[in-house]
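Please look over the sequence and the structure before reading on.

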Amino acid sequence: MYRRILLLLSLCFAVLAQAQQTVRLESPDKLLQLKLSLSESGEIQYNLMKSGVRVLEPSTLGIVMKGHNFSQGMKLLSLSEPLLVKDDYQMTNAKKSNIHYEAKQLTASFANTEGKQMDIIFRMSDDGLAFRYYFPWVNQEQVIEREATSFHFSTAARAWLQPMSKAKEGWNHTYPSYEEHYKQDIPAGTMPSFHSGWVFPALFKTNAIWALITETGVDEHYCASRLLNDSLSSIYHIGMPDPKEVYTGGGYLPVNNQPWYTPWRIIAVGSLKSIMESTLGTDLAPANVLKDVSFVKPGKASWSWINSKDENITFREQRKYIDYAAEMHWQYCLIDVDWDTKIGYDSIKVLSDYAVKKNVGLILWYNSAGDWNTVEYHPKNLLLSHEDRVKEFTRIQGMGIKGIKVDFFGGDGQSVMKYYLDILKDAAAYQLLVNFHGATLPRGWHRTYPNLVSAEAVMGMEMVTFSQHHADVQANHCAMLPFTRNAYDPMDFTPMNLHKLTHSQCTRKTSAAFELALSVLFLSGIQHYAESPEGMAEVPDDVKNFLRTMPDHWDDVTFIDGYPGKYVVIARRSGNRWYIAGINGDTTGRKINLDLAPFKKSKATLYTEGRNGSLFSKDEFNVSKGRKRDLVLPVNGGFVMVLE
């Protein structure tokens with residue numbers, strides 16, 4: 001009996017010691033604090049503080065594999081010493097060109113009840129926390145069924161979230177494609193509209209501190225995930241895709257047969273300024289794997305379909321848009337759906353040769369689809385296998401084609417992620433740029449594969465041509481996107497209709513100055529503009545010259561002011577010039593106070609709302625005579641200012 005009592009006491013003390021194990025990690029500036037602990041049941045928990053203020057309540061960590069549970073009964077094996085991680089890298093398709101990343105890294109090793117190991121690698125930078133799981137023992141096929149990863153917000157937190165649409169529904173069963181309007185300033189715990197979760201990035205405000213949650217580093221072994229929450233619960237969990245979201249014959253759950261790193265979970269934390277200037281989405285993405293990136297040239301493109309739709313994919317119309325791109329000094333022209341029959345390969349080659357003489361490169365549209373949707377647009381089914389892609393890419397590279405736009409993907413399952421990455425790898429081998437449409441969020445792929453110049457994954461400008469409702473709320477929608485969808489990843493919104501929509505029954509509500517501002521506010525490796533040659537002919541010469549000389553990529557960013565869905569003002573630098581752009585997405589006019597002193601420039605050119613029926617007003621002034629400038633933005637209005 002005495003021995004039994006001693007044994008029971010020793011077990012109790014062991015459990016107590018396990019429960020009291022707490023690990024702490026601080027950011028380099030010591031303002032962000034992570035606390036990691038184990039519950040009595042062996043559940044791994046963490047919480048996050050900013051300057052002593054709680055951002056996340058105790059939240060759970062862990063993985064459940066088929067046959068192996070790493071979410072309960074865990075024991076702490078070891079802790080690494082905090083390690084300072086630094087990385088310097090370059091991007092031509094991001095908010096900055098030369099990026100410095102610095103974080104403290106801590107690895108916590110745990111064992112489950114089988115004795116199998118799971119490491120959690122934490123990185124804490126001044127702008128946020130990132131973590132991922134590692135399984136060093138995997139040497140035969142394992143399947144992850146779910147993550148226990150959660151983000152527990154206060155019930156008083158507010159959220160700005162886009163609902164995930166239901167798989168295989170919508171037009172020609174093409175959902176999900178990340179094309180819903182954001183729910184704005186809603187209580188944490190609100191249920192998503194379609195009960196399918198929320199897409200990344202997901203924005204929260206809690207205790208006056210902002211948090212942006214997303215993921216990066218999704219590879220061919222993992223799926224793209226989403227956030228799920230139970231009814232009225234402010235606890236959000238990592239969720240897996242719908243089982244229907246697969247490449248034909250493939251799976252939707254993560255699967256691997258070798259030592260396994262999962263994607264990074266990212267929580268950017270701080271003020272709106274710190275989040276808007278953060279680069280965590282690429283900081284944690286795998287580095288560039290392409291040996292030759294000389295063909296990756298960002299730029300701007302003309303595009304007929306947004307205005308003249310399907311019936312005008314003709315040789316004559318596309319030649320007109322090539323001439324238009326050349327006149328505007330734009331590098332590309334996109335030829336959209338059904339070009340293979342309405343124009344034909346031989347005539348596309350003629351157009352390509354013509355475009356080369358005008359210093360314009362052609363981009364061709366493709367339907368990705370196998371049997372995962374019923375879209376009839378073509379070319380279709382030409383990219384499904386490596387052999388198919390080699391055959392098609394060899395052909396169009398020989399025609400002088402510079403890139404492809406691939407549309408209508410099958411969702412977020414693991415097999416679809418592999419399909420995306422296989423396209424990027426094969427396209428790079430043939431020096432082709434890639435733009436994904438009807439697609440998932442890129443999740444940092446543009447760092448790993450720089451030939452990924454853009455992706456849609458947004459309710460874009462085309463929706464404004466389809467529905468007056470979308471046109472009516474465009475300004476509000478656009479004022480959301482820099483804070484969420486476009487925070488880290490390139491976004492092919494296809495912006496900037498300056499004159500008017502054509503081939504559409506809808507009336508655009510935004511001003512020309514608002515539309516011009518989108519060319520600076522929105523980030524995309526190739527910006528496909530939604531203006532026609534006829535519409536551009538109505539634009540003043542000085543604005544056309546502005547668009548001819550606009551930078552193709554940015555060197556730096558400064559967030560000036562804004563609030564999600566209401567308004568946003570951002571400054572971007574290219575070389576020695578700063579470009580400041582702002583839009584008003586609110587229901588009332590807004591006064592903007594610009595302090596120009598920090599930019600240390602002497603001359604300013606301002607484009608804003610037109611007067612007396614004109615599209616624009618232009619004002620040039622000497623900055624040294626007035627370091628501050630007040631602007632009043634009307635509803636649906638905007639501005640662009642160039643400082644030099």
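## Basis and confidence

The model is predicted: local features need pLDDT of at least 70, side-chain atom pairs count only at pLDDT 80 or more, and totals for chains, interfaces and linings use all residues. Residues are numbered from 1 along each chain as its sequence is written, and side-chain values use heavy atoms, with hydrogens and water left out.

The protein chain has an average pLDDT (the predictor's confidence in each residue, from 0 to 100) of 95, and 97% of the residues score at least 70. Over residues 1-20 pLDDT stays under 50, and the model has 8 contacts (heavy atoms within 4.5 Å) beyond four places in sequence for them. Where pLDDT is low, the predicted coordinates should not be read in detail.

Strand β5 (residues 63-65) pairs with β6 over 3 bridges in the antiparallel sense. M65 stands opposite H68 in β6.

## Nonpolar cores

A nonpolar core is a set of buried (under 20% relative accessible area, 1.4 Å probe, protein chains only) Ala, Val, Leu, Ile, Met, Phe, Trp, Tyr and Cys residues joined through side-chain atoms within 4.5 Å. The largest one has 193 residues, and I267, F436 and L547 have the most contacts inside it. Helix α9 (residues 414-429; a DSSP run of H or I, at least four residues) gives the most to this core, with 9 residues. A second, separate core of 18 residues includes A571, W578, A604 and L606.

Not counting residues up to four places away in sequence, F436 touches V406, F409, Y420, I423, L424, L452, S454, A455 and E456.

Conventions. Pairing = 2+ DSSP bridges. Helix = DSSP H or I, 4+ residues; strand = E, 2+ residues; numbered from the N terminus. Buried < 20%, exposed > 50% of the residue type's maximum accessible area, 1.4 Å probe, protein only.
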